[in-house]
Amino acid sequence: MAIRLIAMDLDDTLLRDDWTISPRVVKAIQRAQAQGVKVTIATGRMPISTRPYAKQLKLDVPVITYHGAMVQQALSGDILFRRVIPSAVAAEIVRYVLEQGVYTQIYLKDRVITTKRNGFSRDYAQISSVRIEEADLLIILSQEPEGIEKILLMGEEAELDQLAPLLRQRYGEKVHITKSKPCFLEMTDCTVNKGVALAALAERLGIVQEDVMAIGDSFNDLEMIKYAGLGVAMGNAQSAIKEQADIVTVTNQEDGVAEAIERYVLDRTL
């Protein structure tokens, strides 16, 4: 095995808790790129929130955003793939969750929209460095001919864990439901996830599955970790993710991405 493509989640993986990339991680990625390895980001974030990190790392390959619902060229922003939740389906789901009193955001390309901003939206805006619009979500969806990339619900972990099985029972054949953080429950089109997108990217680049490394920490990373020839869970990952990974590195605060790249890519110690 010789790793030729590395895909990294952003939050709690590539990024430290202050949402920066450590110098050691930057150096490891640069060394891997100099060695001819392709490096990309695979995140649930929207493209506009991902692009600054892609620019910082000088990534020259497509990046996976919205859990795989959109793939863009890292620097130019050209859209290579887009798969939406149809507007009628999204409206049905949004109506249901709003009736349950759950805070909801919808995503349309580089726009994020909610009915009324609150503490959840302020925290999200700080993390993602994006502007959150206020509007009637059902009106927005009625005017959108195609659909939206993502629906995000935010709330207490116990509340979302109770809601998730109800959503899967009602809409599981129409949307893919996952969690990126304990307080985030996210929905995309049922045909997309990070694993599907990473497999398509590897094929586009002519790289076989065995030569792919994927690094992540949460449930939305599970499909790409299972797909990759070398699936890496962060030291701060959910226990269920660690169990499915081939190896476990150290935490995001301890430069876990750099540790994995240095050991399994740069030094070829596999």
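Asp 221 is buried, with a relative accessibility of 0%, where buried means under 20% relative accessible area, exposed over 50% and partly exposed in between (1.4 Å probe, protein chains only). Salt bridges that share partners join Asp 221 with Lys 194 and Asp 9 in one network.

The model is predicted: local features need pLDDT of at least 70, side-chain atom pairs count only at pLDDT 80 or more, and totals for chains, interfaces and linings use all residues. Residues are numbered from 1 along each chain as its sequence is written, and side-chain values use heavy atoms, with hydrogens and water left out.

**Salt bridges**

Side chains of opposite charge can pair when their charged atoms come close. A salt bridge here is a side-chain nitrogen of Lys or Arg within 4 Å of a carboxyl oxygen of Asp or Glu. The count comes to 16 salt bridges; three of these pairs are listed below.

| Pair | N to O distance |
|---|---|
| Glu 259 and Arg 24 | 2.9 Å |
| Glu 149 and Arg 82 | 2.2 Å |
| Lys 194 and Asp 221 | 2.6 Å |

Helices (H or I, at least four residues) and strands (E, at least two) are DSSP runs, numbered from the N terminus. Glu 259 is partly exposed at 32% relative accessibility, and Arg 24 is partly exposed at 31%.

Lys 194 is buried at 0% relative accessibility.

Asp 217 is found in the loop between strand E14 (212-216) and helix H9 (222-227). Asp 217 is buried yet has no salt bridge, and the nearest side chain of opposite charge, Lys 181, is 6.6 Å away. Lys and Arg count as positive and Asp and Glu as negative, while His and the chain ends are not counted. Beyond its neighbours within four places in sequence, Asp 217 is in contact (heavy atoms within 4.5 Å) with residues including Asp 9, Asp 11, Asp 12 and Asn 236.

**The lining of the largest pocket**

Helix H8 gives the most to the lining of the largest pocket, with five residues. Strand E5 (79-82) and helix H8 (194-205) each supply at least two residues of this lining.
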